[in-house]
Amino acid sequence: MTKEPYSITAESLNAAGRGNIPAELMTSTHLIYSSPATLAFNSPGAQGFGVKRAGLSIPGSVMLLVSPGCCGRNTSLLTEMKEYRDRFFFLLMDETDLVTGRHLQKIPQAVQEIVDFLPQKPSVVMICITCVDALLGTDMERVCRKASDQAGLPVLPCYMYALTREGRKPPMVFVRQSIYSLLAPVKKEPATVNLLGHFAPLDDSCELYPLLKSLGISKINEISRCGSFEEYLAMGAANFNLVLNPESRLAAQDLETRLSMPYIELARLYQIDKIANQYKLFASALGASFDDTKYRREAEEAVRAFCETHGNAVIAVGEMANANAFELSLAFTRYGLTVAEIYGTPTDEDFVYIRRLAALCPASRIFSNLSPTMLYYDSGRVHIDLTIGKDARYYRPGCPNVSWSEERQPFGYEGVTKLFTAMKQALDTSSSEGSSR
Amino acid sequence: MKGLWKVIAPFAPDQSGASAVLYELGGILVICDAGGCTGNICGFDEPRWFTRKSAVFSAGLRDMDAILGRDEKLVEKLCAAASRLDASFAAVIGTPVPAVIATDYKALRRMAEKKLDIPVITIDTDGMELYDRGASKAYLALFETFADDDPRTIPNAAGVIGATPLDTSSLTAGSDISEVLKQEGFDTVFCYGMGSGLDDIRQAGAAAKNFVTAPSGLAAAQMLQSRFGTPYEIRYPVLPAEIRNRYPSFSGKKILIVHQQVIAHTIREEAEKACAGRTLPQITAASWFMMADELIRDGDASLAEEDDFIRLVRNGQYDIIIGDSLLKRAVPEFTGEFIDLPHFAVSGRM
């Protein structure tokens, strides 16, 4: 038996083609290895924004998790964080609940008890349910209406259905729809836009803010910057939505239907020319134009500075970062860098990047973060100078790393500038430590 | 209301307990879930995950797998993994999803064993019980399946059942317990699941005595006693010095210990010995986890709800509470001394 992790070169993956991704890279065809990237998704309380944290994005909200005890287990980590203390409550199911569904009868009373228990009335109670209710076919909307009538405050459903991860409405899509569902029609403010997609704000220095202001947009809303429930409700006055993460598309469509609020999607990219092109198209859709020269130059300068000193660096890219691992790898190769390994889960949509990656860096090896064979990943096989992403750091401990997974979100040229600056710093520090030894 | 927890987050569930027992034994562990339960185990309840690799995988169930009861697909996935991994057995560990669809674990085991050339065990955990129930089931399944009827002779050997990070809140408990028992005169110590492997489980019948360090180990110890005549003793031999050093100050105090019962009871017995000749402390042991009849004294409390604990503290007028500091949140009005004794299954702290 060869103890080898499964991997495939970009060239071979591209040759296999869209719609023909090898089973080892698919999530539903094999047992799933608990890599850090898997855990980031499957253990959402542990790190990043999963359904539980995301569900509490509405200011002043609290969450009642209605589930077997195991589903709420890792929430103790969150309850230790100041901003989540006293915001999680648990209605634990037992076997009788599972058989009879009687737990649903208890929810209105539990909501009332929570409201009575808290010194201040919450703005919203989110009811989070899990796989068992997915299988029981629970009509949680109905239960929430009943609880809302009884407690006299909004009660919203929130679905932590890992079973539907590859479905039309995966949990992270659903929760985004849910948290914007309380926005109601109010008088439109033409100079207002909502940024949808993330549960933490963009970096304060992101060029998107001044670029939008240059178009006359004076108010830019993000749910994570709303200090009160009233500020959150004011998002209903926006003229349009900017969708910065495709998982918010459904929420944006819902707002378009309910509030006649159109939306435009902008992708997070690391290829400078593509960023420029995207901004150009966006501005022209609004009948305007941007002067993005300054920001573009800063990004180009950061890339040049890195390549000048570390142009021969061999990089490994993970998916547990604020980037699409394949788009980022393509960006690196287009800047003349070598990407030897990618730890990711390719989808059909990623082939637009994989096709070009295969042409520029055909030997890049793609490892599945989900494959059981990653148990045998050996970092000694190939030399890597720098890793990007938390998962890449896990596979290659000791190698200089930029985790690039902070909660504040990078975007646009500023994302490129900051990433390359961090990469240079990581390698400069590593070199100076090496020479001082 | 019953089932509503307002302050304390849920404790480690039964599938985490089962996984903790099997973790070091070199098998393929398949958590029969959609991903979240495995995430809880590897990302939270199993502190060894980031320092010592083990083949713990999620079955990756999807809604249609569950609705259609596609056991054969799970077996195919298991066979595919087994063909590429070096494993001595496979274990399928249950979660709420198979509980809802009433998975027949015996049938699943037979199906898998027909296609694999390694033994298969199944643990029917459901995510609604606590970790100790799952651990207990795993110990029983292990010894029933693997313990040789005719083990080789190993003179003066001791077995330890009930040591997992969830119970001991330590990554070195296996070696620590072994060291103490060797100092007490044993030549060989098998700390099952924490330092000792599957071969040692096979030789379990050779132990001269078993030590039960948590209630989760009791059923297996009783089974080994009945099968091999091995006597057992219930005791936790490696209590932290910070607690032991405090024993003299417990004299005359009213104390509540909230932990796994063997630790709570061992503290009680040791403290009473340390206070001999003076006013003995009045010590109550309480636990949300399994309570062995052998250790229960009048006044001890088996807790079911968060409110049970709050009520116990409110009515008990204790001078001292010993327990995981996470529990302090539930009793903000308690004015006595709270001595922190982490319980990993409660707070995820060592």
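This is a predicted model: local features need pLDDT of at least 70, side-chain atom pairs count only at pLDDT 80 or more; totals for chains, interfaces and linings use all residues.

Reply: The strands concerned are S2(A) and S3(B), which run antiparallel and are joined by two bridges.

That pairing belongs to an open sheet of five strands, with mixed pairing. The order across the sheet is S2(A)-S3(B)-S2(B)-S4(B)-S5(B). Strand S2 (32-33) of chain A and strand S5 (120-123) of chain B each have a single partner strand and stand at the edges, so one side of each is left without a neighbour in the sheet.

At the S5(B) end, the partner is strand S4 (residues 90-93) of chain B, and the two run parallel, joined by four bridges. One pair can be named here: Ala90(B) has Val120(B) in S5(B) as its bridge partner.

Helix H4 (residues 71-84) of chain B lies across strand S2 (28-31), strand S3 (55-58) and S4 of chain B. Its direction makes an angle of about 155° with S2(B).

The contact between the chains extends to other elements. In total, 53 residues of chain A are in contact with 52 residues of chain B. On the side of chain A that touches chain B, S2 is one of the elements that give two or more residues. The others are helix H2 (36-42), helix H4 (69-72), helix H5 (75-79), strand S4 (88-92), helix H6 (95-100), helix H7 (103-117) and helix H8 (131-136) of chain A. The largest share, six residues, comes from H7(A). By class, this side of chain A has 29 nonpolar, 16 polar and eight charged residues.

Next come the domains of chain B. Chain B is divided into domain 1 (14-144), domain 2 (157-234) and domain 3 (241-347). The centres of domain 2 and domain 3 of chain B, taken over C-alpha atoms, are separated by 25 Å. Twelve residues of domain 2 of chain B are in contact with 13 residues of domain 3 of chain B. Helix H8 (residues 165-168) of chain B gives three residues to the domain 2 side of this contact, the largest share. That side divides into seven nonpolar residues, four polar and one charged.

Chain B also holds a helix pair. Helix H1 (residues 14-22) and helix H7 (residues 131-146) of chain B have axes that come within 6 Å and cross at roughly 40°. H1(B) and H7(B) are therefore oblique to each other, and their crossing is right-handed. Among the residues that make the contact are Ala18(B), Val21(B) and Leu22(B) of H1(B), and Tyr131(B), Ala135(B) and Leu142(B) of H7(B). By class, the contact has nine nonpolar, four polar and four charged residues.

Chain A has its own division: domain 1 (7-30 + 296-436), domain 2 (47-170) and domain 3 (189-266). Between the centres of domain 1 and domain 3 of chain A, taken over C-alpha atoms, there are 30 Å. Eight residues of domain 1 of chain A are in contact with ten residues of domain 3 of chain A. On the domain 1 side of that contact there are three nonpolar, two polar and three charged residues.

Definitions and conventions: Residues are numbered from 1 along each chain as its sequence is written. Chains are lettered from A and ligands numbered from 1 in the order in which they are written. Two strands pair if DSSP finds at least two bridges between them. Two residues are in contact if their C-beta atoms, placed from the backbone, lie within 7 Å. Axes are lines fitted to C-alpha atoms, for helices over the stretch in contact, and angles run from 0 to 180 degrees between N-to-C directions. Domain bounds come from an automatic or database domain assignment. Ala, Val, Leu, Ile, Met, Phe, Trp, Tyr, Cys and Pro count as nonpolar, Asp, Glu, Lys and Arg as charged, and the others, Gly among them, as polar. Angles under 35 degrees count as roughly parallel, over 145 as roughly antiparallel, 65 to 115 as roughly perpendicular and the rest as oblique. A crossing is left-handed if the near helix is turned anticlockwise from the far one by less than a right angle, and right-handed if clockwise.
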